[in-house]
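Trainee: I would like a close look at a single part of this model. Please take me through it step by step.

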Amino acid sequence: MEKGKIMKNLGFGCMRLPLLNKDDQKSIDMEQVCKMVDSFLEQGFTYFDTAYLYHESASETAVREALVRRHARESFQLATKMPTMILKEEGDLEKIFSHQLEKCGVEYFDYYLMHCLNQENYELTEKFGGFEFGVRMKEEGKIRKLGFSFHDTPELLEKILNDHPETEFVQLQINYIDWEDANVRAHACYDICRAHNKPVIVMEPVKGGMLANVPDEAEKIFREYAPESSAASWAVRYTASLPGVFMVLSGMSDYSQLMDNTSYMKDFRPLNSEEMQIIEKVTDMINASIAIPCTGCKYCVEGCPQNIPVSEYFKLYNTFCQFGEKSNSRANYKGFMDNYGAASDCIACGQCEEQCPQHLPVMEYMKKVGETFDTER
């Protein structure tokens, strides 16, 4: 990045890259990703966010091929994350970090995070000295800024920031639906970061795509005020308007999404008071229509003994609740049966709930999905 150049506040999230086969997370459409990366940089955006486990561990390699090997290192900032949830023994930190440098094809990371800290993952991070390792890597010039992504209670966030004042930033899930949500508690977590004077990176501003496809009534309100603005633009601008937020990540799944996001973030304009009132009204509408507040992160899917595509079923269920039989959700559900377990195959082992960053009662919701779609079994 050119010296003195201001970094634009939209980041390219590499968790939901375009796929050649929607059932294969490793089948990344590299031709389209390269096109997206080039356009992103050409428009003055420079921040890219990946992680060791994204796309079944294929995301970092895709970033190397599309970004690192094709563009000058000083032209972008790269962030990745230590997968705290898979730390098992001494030496894992060094081994994984070294592998990440190799996978990404870089000598240093501009931003490095302890990934997905909740109570369990924080205990693992502390057990193996994750923050101390991060500080050491920073001293060696392999990390420029050290932080963590967070999915738990404000009380735990307060503890982590008190325990580790060396933290330079925090990545939080914030969007207008989760702002006052009793499970996510985004507002309270944000306030704690502000109190500790920690800059915030926002993840899931569009809540896994949910806020890009709002109910018709909500869409109408948005369009009446700003006919040319997408529903997603309202969600991204909402988070970028918060004081202390220096980066908003968008997991852009195709070129059209990228072009939409960059169109309104090139010359960012914060929401005004009237737009904030519209957001409040839409929030009430959406909360009344969402059956399962899943973001589609797929953390729950890996390791499911019944091979149930949990997040996909939740998406179909939400669509069915909103639009009924005309949604074609029932037919799409049956389409999964050739390769995956049914919702009613769930044995309630609980591993999905342990992995869920939203702390959702996944097993309870799975019963509802089964009761809706497995009626003919």
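Is threonine 372 buried or exposed?

Mentor: First, a word on the source. This is a predicted model, where local features need pLDDT of at least 70, side-chain atom pairs count only at pLDDT 80 or more, and totals for chains, interfaces and linings use all residues. Residues are numbered from 1 along each chain as its sequence is written, and side-chain values use heavy atoms, with hydrogens and water left out.

Threonine 372 is buried, with a relative accessible area of 17%. Buried means under 20% relative accessible area, exposed means over 50%, and partly exposed lies in between, using a 1.4 Å probe and protein chains only. Threonine 372 sits in helix H16, residues 362-373. Helices here are DSSP runs of H or I with at least four residues, numbered from the N terminus. Look at what threonine 372 touches: Tyr317, Phe320 and Arg330. That list leaves out residues up to four places away in sequence. Contact means heavy atoms within 4.5 Å.

Now compare phenylalanine 148. The largest nonpolar core has 91 residues. Such a core is a set of buried Ala, Val, Leu, Ile, Met, Phe, Trp, Tyr and Cys residues joined through side-chain atoms within 4.5 Å. Phe148 is among the residues that touch the most other members, along with Phe12, Phe150, Leu157, Leu172 and Tyr176. Helix H10, residues 231-240, gives this core its largest share, seven residues.

Definitions and conventions
Helix = DSSP H or I, 4+ residues; strand = E, 2+ residues; numbered from the N terminus.
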